[in-house]
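Hi,

Here is the structure I said I'd pass on to you.

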Amino acid sequence: MTAVGPVGIVGAGMAGLGAAILLAEAGVPVDVIETAGEVGALGSGVTLQGNALRVLRRLGVWEGVSRAGYAFNSAGLRAPDGTLLAEVPDSRTGGPDLPATVGIYRPDLARLLVDRATGLGVKIRTGVRPVLLTQDDHGVDLACSDGTRTRYDLVVGADGVRSWTRDALGVRLRTEAVGMGIWRAFAKRPSSVTRTDLCYGGAAYIAGYCPTGEDTLYAYLVEDAQDRSGLSAEERLATMRGLAEHYHGLWDDIRANLTDPSRVHYTWFEWHFLDGPWHRGRTVLIGDAAHCCPPTMAQGAAQALEDALVLAELLTTRETLDEDLWSAFTARRLDRARTVVEGSVQMCRWLLAGEQGDLPGLLGRVRSLLVEEP
């Protein structure tokens, strides 16, 4: 017996697909509505730490992730000239039987999750927008742009930073720019790159890279937030390459492979946190719809997956969708996600102010929390 029957999920990102898989495993009928025409068609790489891998194993996709991605167990700190300053063993927050970190091409991860979900009977509709949500004490009616109107026991808003579901619920949440912008490029991996190395300082606040497969990586450079929207694809590539010219060592190998303008993207760091219950009636927000943070701790995907895991566990092990269930969800997710968001933002603020701060202490506190099951 589960707490819900049919569930509608808005958004086919990691939070939405993760929840869909776990609910479908328990026999709950699930529909996923995705505005984009194709799930996971865009993106470069994503860094998955151990606590994210722990959830992916529970979702039944770990073997695929381990084949498609690139695992490593340490990180390096380098000077702008490429000199290795320190090699730091990375925390295995998912347990000793999982790597500390896996880098993977984001569309590859999306395909693994979609295949797993559809194999369990989840219905995924792409190119469809929700247009109206109404609910009462017994269910939620969700109308979509394709003319359908479906009644669900529960609707899950997993539709990202600019969540339509959140707006439909009347939840007002201010998304704030941190003051940093990030250049990302997906490129061929030189054999010299076998883990993430970071350089703090120089021409950028952060210069880093992460292997994502046998022959791919994504590289990133963090600068002051600027309006880069007027640049052509070729100009974006030239700007990122120009910034990368200030970094050497392995960056010389990487820069030689930064040649495809279509693989270069620029976004601002943003954050928000919904302080208080994430549900309204029979609709709940998870993932970036409820909390988002800069990628300074590489925990965005992990926290979305943990939301999905905890929500699905409660919905499939209890018999009633009541305030006790929601209180349990809030107790298990609110403070944990808050700690990650606040820590990620604090790291940015130290960098912007040119302050060293107690980075080891901050990272230690967060990682000790993440080792524990959510």
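Predicted model: local features only at pLDDT ≥ 70, side-chain atom pairs only at ≥ 80, totals over all residues.

Residues are numbered from 1 along each chain as its sequence is written, and side-chain values use heavy atoms, leaving out hydrogens and water.

Back to T101. You'll find T101 in strand β7, residues 101-105 (helices, H or I with at least four residues, and strands, E with at least two, are DSSP runs numbered from the N terminus). Its side chain makes a polar contact with the side chain of D90, at 2.9 Å. A polar contact is a pair of N or O atoms within 3.5 Å; within protein, one must be able to donate a hydrogen and the other to accept it, and residues adjacent in sequence count only if both atoms are side-chain atoms. Setting aside residues up to four places away in sequence, T101 also touches T47, L48 and Y70, among others (contact means heavy atoms within 4.5 Å).

L48 turns up again in the largest nonpolar core, which has 89 residues; L48, L56 and V65 have the most contacts inside it. Such a core is a set of buried Ala, Val, Leu, Ile, Met, Phe, Trp, Tyr and Cys residues joined through side-chain atoms within 4.5 Å. Beyond its neighbours within four places in sequence, L56 is in contact with residues including L48, V65 and L305. Another core, of 22 residues, lies apart from the largest one, and Y247 and L250 are among its members.

Next, find the open sheet of three strands, ordered β9-β10-β11 with antiparallel pairing. Strands pair if DSSP finds at least two bridges between them. β9 (130-135) and β11 (149-152) are at the edges with a single partner strand each, so one side of each has no neighbour in the sheet. Four bridges join β10 (residues 140-144) to β11, and A143 has R149 in β11 as its bridge partner.

Last, helix α1: 11 of its 12 residues are buried, L17 and I21 among them. After α1 comes G27, with a positive phi near 90°.

Cheers

Definitions and conventions
Buried < 20%, exposed > 50% of the residue type's maximum accessible area, 1.4 Å probe, protein only.
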